[in-house]
Amino acid sequence: MKKVEMEIFESKDCPRCVRSHPKLEAMLAKLGNKVSAKFIEVTDPANWARVEELHIERIPSIYMMGTTFWNAPPEEEDFIKMCNYQWTFLNSYRVIITTPHASCPANNTHHLCDTIVKELSRLIEQKLKEAKRAVKRLVGDIPRNECDLNRWDCRETTFRKELKRVIAIPGNAMLIDLHSYPPEEPGWGDFDTILLRVENADRELMEIVKSSLMGKGYKVNMADGSSANDLVPSHGKETRAFLIEINERLSNDLEDVASAIVQTVCQVVPESPSV
């Protein structure tokens, strides 16, 4: 697990008041080497904007500015409990679902988009939230004939930059890279799903997904993925990731497919206190 930098904001009206407070010292001692504290004095609009950004992203940071800090629970034990609740978020996973080929051009010849992934990813997201898992869904917004969002030369697109930003948020993450293929795809058409072995894909996680889906009656195969695949490989081994292809003949069974994938994910991903 990544070591987390905790940003503690101090009021400009009382510099160094927060960092020397015994309650904070006790909390940092309890958290130990899981975190590294960075103190920020809020003196200019840029820092206030940073506070707002952290709030929006729900990054577990302790907002110790003026009355926010001094109105904390009076008992040290309660205060530490409050802070530790925020930090339990770091021990849970964010599930990130990507559909880089979801955007279909006006004339979808030669399978230029994955026709079922937008709806399938929506169902997976919905079911993960119902299962109290933290989830973020990123839907590709550019047809692959204009810019293939699963290739290195499209890393500077809004979609890829947003994925990079979400993965960089402190804590653990699982990445599900979701694709689909036509039933007539040579060598694949006889299977319901294909798990692709690409660089940085989590082999152990792939075996769990394969075993679970096969246990629910789906025909699953593993295959070597093209080295051109860039989305999973670009985010390193710290993010548990797998690339899964779904046969589009299952277009009328997406609820069941989504349930099967979610049940698989929930074997690995714990509930999140932030949901």
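Here is a walk through the structure shown above, one neighbourhood at a time.

This is a predicted model, so a few ground rules apply: local features need pLDDT of at least 70, side-chain atom pairs count only at pLDDT 80 or more, and totals for chains, interfaces and linings use all residues. Residues are numbered from 1 along each chain as its sequence is written, and side-chain values use heavy atoms, with hydrogens and water left out.

Let's begin with a helix. Helices (H or I, at least four residues) and strands (E, at least two) are DSSP runs, numbered from the N terminus. Helix H6 covers residues 158-168, and its buried residues are Phe159, Arg160, Leu163, Val166 and Ile167. Here, buried means under 20% relative accessible area, exposed means over 50%, and partly exposed is in between (1.4 Å probe, protein chains only). Look down the axis of H6 and those buried residues fall within an arc of 125°, so they line one face of the helix. That arc is taken from the directions from the helix axis to the C-beta atoms. Turned away from the buried side is a face with the exposed residues Thr158, Lys164 and Ala168.

S6 (193-197) runs parallel to S7 (residues 220-224), and five bridges pair the two. For two strands to pair, DSSP has to find at least two bridges between them. Thr193 is the residue that stands opposite Val220 in S7. To get from S6 to S7 the chain goes through H7, making a right-handed β-α-β crossover. Right-handed means that, with the strands pointing away from the viewer, the path from the first strand over the helix to the second runs clockwise.

Next come the charged side chains. A salt bridge is a side-chain nitrogen of Lys or Arg within 4 Å of a carboxyl oxygen of Asp or Glu, and the count comes to 15. One of them joins Asp202 and Arg240, whose closest N and O atoms are 2.7 Å apart. Asp202 sits in the loop between S6 and H7 (203-215), while Arg240 belongs to strand S8 (residues 240-247), so this pair ties together parts that are 38 residues apart in sequence. Both ends are tucked away: Asp202 is buried at 16% relative accessibility, and Arg240 is buried at 18%.

Salt bridges with shared partners also link Glu125, Lys129 and Arg137 into one network. Within that group, the side chains of Lys129 and Glu125 meet at 3.8 Å, N to O. These two are four residues apart in helix H5 (residues 117-130), about one helical turn. Lys129 is partly exposed, at 45% relative accessible area, whereas Glu125 is buried, at 16%.

Finally, the rings. A search of the whole structure turns up one aromatic pair. Tyr181 and Trp188 form this pair, which is edge-to-face, with 5.1 Å centre to centre and 80° between the planes. Rings of Phe, Tyr and Trp (its six-membered ring) pair if their centres lie within 6.5 Å; planes under 30 degrees apart count as stacked, over 60 as edge-to-face and the rest as tilted. Tyr181 is buried, with a relative accessible area of 2%, and Trp188 is buried too, with 19%. Another ring, that of Phe191, has Lys219 over its face, 5.9 Å from the ring centre. A charge sits over a ring if NZ of Lys or CZ of Arg is within 6 Å of the ring centre and within 35 degrees of the ring normal.
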